[in-house]
Amino acid sequence: MGAILMKPSGISIGENTIINQYVLLDGRSGLTIGNNNSISMFAKIYTGTHKSYSDNFEYYGKCTKICDNCWIGTSSIIMPGSELKDFTILSVNSLYKGISSEKDILVGNPANAIRKRDINNKYKIEYKAWFV
């Protein structure tokens, strides 16, 4: 019922970040997750994949970064080399590849910014587990 970690030694997670059940974190090419983030159930954050145009299914890897105070929605996917800047929200069931701007609200497949998050101060998540 926990998270799935691929190469845990390549994953760095900051303070007060919530990693919910069934989340997949890929540390093969380096994954940095900042402070006070919420990563919802079934989200997947990748740092590696394969080149679709390769004759030999060549592996491709690039560091992925989640900055501070981000919210990653249920069943969303973040592709290798992406970066979510501070305060970014990636909506439920969205697929994102790229570098966001601060406060972006990203929606869809592929995810695009639909508006800015109306927030100005970094917050501290004080999460209390429902069940222990």
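## Surface patch

M41 counts as partly exposed, at 32% relative accessibility. On this scale, buried means under 20% relative accessible area, exposed means over 50%, and partly exposed is the range in between, with a 1.4 Å probe and protein chains only. The model is predicted: local features need pLDDT of at least 70 and side-chain atom pairs count only at pLDDT 80 or more, while totals for chains, interfaces and linings use all residues. Residues are numbered from 1 along each chain as its sequence is written, and side-chain values use heavy atoms, with hydrogens and water left out.

M41 sits in the loop between β6 (38-39) and β7 (44-45). Together with Y22 and F42, M41 makes a nonpolar surface patch of about 250 Å². Patch members have over 30% relative accessible area and no salt bridge; nonpolar side chains (Val, Leu, Ile, Met, Phe, Trp, Tyr) are joined within 5 Å and like charges within 9 Å. The areas come from the Shrake-Rupley method with a 1.4 Å probe, and for residues only the protein chains shown count as cover.

## The parallel sheet

An open sheet is formed by five strands with parallel pairing, in the order β1-β4-β7-β12-β15. Its edge strands are β1 (4-6) and β15 (95-96), each of which pairs on one side only. Pairing here requires at least two DSSP bridges between two strands.

Strand β4, residues 24-26, runs parallel to β7 and is joined to β7 by two bridges. Within this pair, L24 stands opposite K44 of β7.

A polar atom of the D26 side chain lies 2.9 Å from the backbone nitrogen of T47. Apart from residues up to four places away in sequence, D26 touches M6, I11, L31, I45, Y46, T47 and G48; contact means heavy atoms within 4.5 Å.

A3 belongs to the segment before β1 and is partly exposed, at 38% relative accessibility. The C-alpha atoms of A3 and Q21 are 5.4 Å apart, although the two residues are 18 residues apart in sequence. With neighbours within four places in sequence left aside, A3 is in contact with I19, N20, Y22 and V23. Y22 also belongs to the nonpolar patch with M41 and F42.

## Salt bridges

Six salt bridges are found in the whole structure. The criterion is a side-chain nitrogen of Lys or Arg within 4 Å of a carboxyl oxygen of Asp or Glu. One of them joins K122 to D68, with the closest N and O atoms 2.8 Å apart. K122 lies in the segment after β17 (111-116) and D68 in the loop between β10 (64-66) and β11 (71-72), so the pair ties together parts that are 54 residues apart in sequence. K122 is partly exposed at 47% relative accessibility, whereas D68 is buried at 17%. D68 and K122 are also linked with D86 in a network of salt bridges.

D104 and K116 form another salt bridge, their closest N and O atoms being 2.8 Å apart. Since D104 is in strand β16 (residues 104-108) and K116 in strand β17, this pair ties together parts 12 residues apart in sequence. D104 is buried, with a relative accessible area of 8%, and K116 is partly exposed at 45%. A salt bridge between K85 and E83 has its closest N and O atoms 3.3 Å apart. Here K85 is partly exposed, at 28%, and E83 is buried, at 17%.

## The T88 site

T88 lies in the loop between β13 (83-84) and β14 (89-90). T88 is buried, with a relative accessible area of 0%. Its side chain makes a polar contact of 3.1 Å with the side chain of S100. A polar contact is a pair of N or O atoms within 3.5 Å; within protein, one must be able to donate a hydrogen and the other to accept it, and residues adjacent in sequence count only if both atoms are side-chain atoms.

Neighbours within four places in sequence aside, T88 is in contact with N69, C70, W71, S100, S101, K103, D104, L106 and R117. Among these, D104 is the residue that forms a salt bridge with K116.

Technical notes
Helix = DSSP H or I, 4+ residues; strand = E, 2+ residues; numbered from the N terminus.
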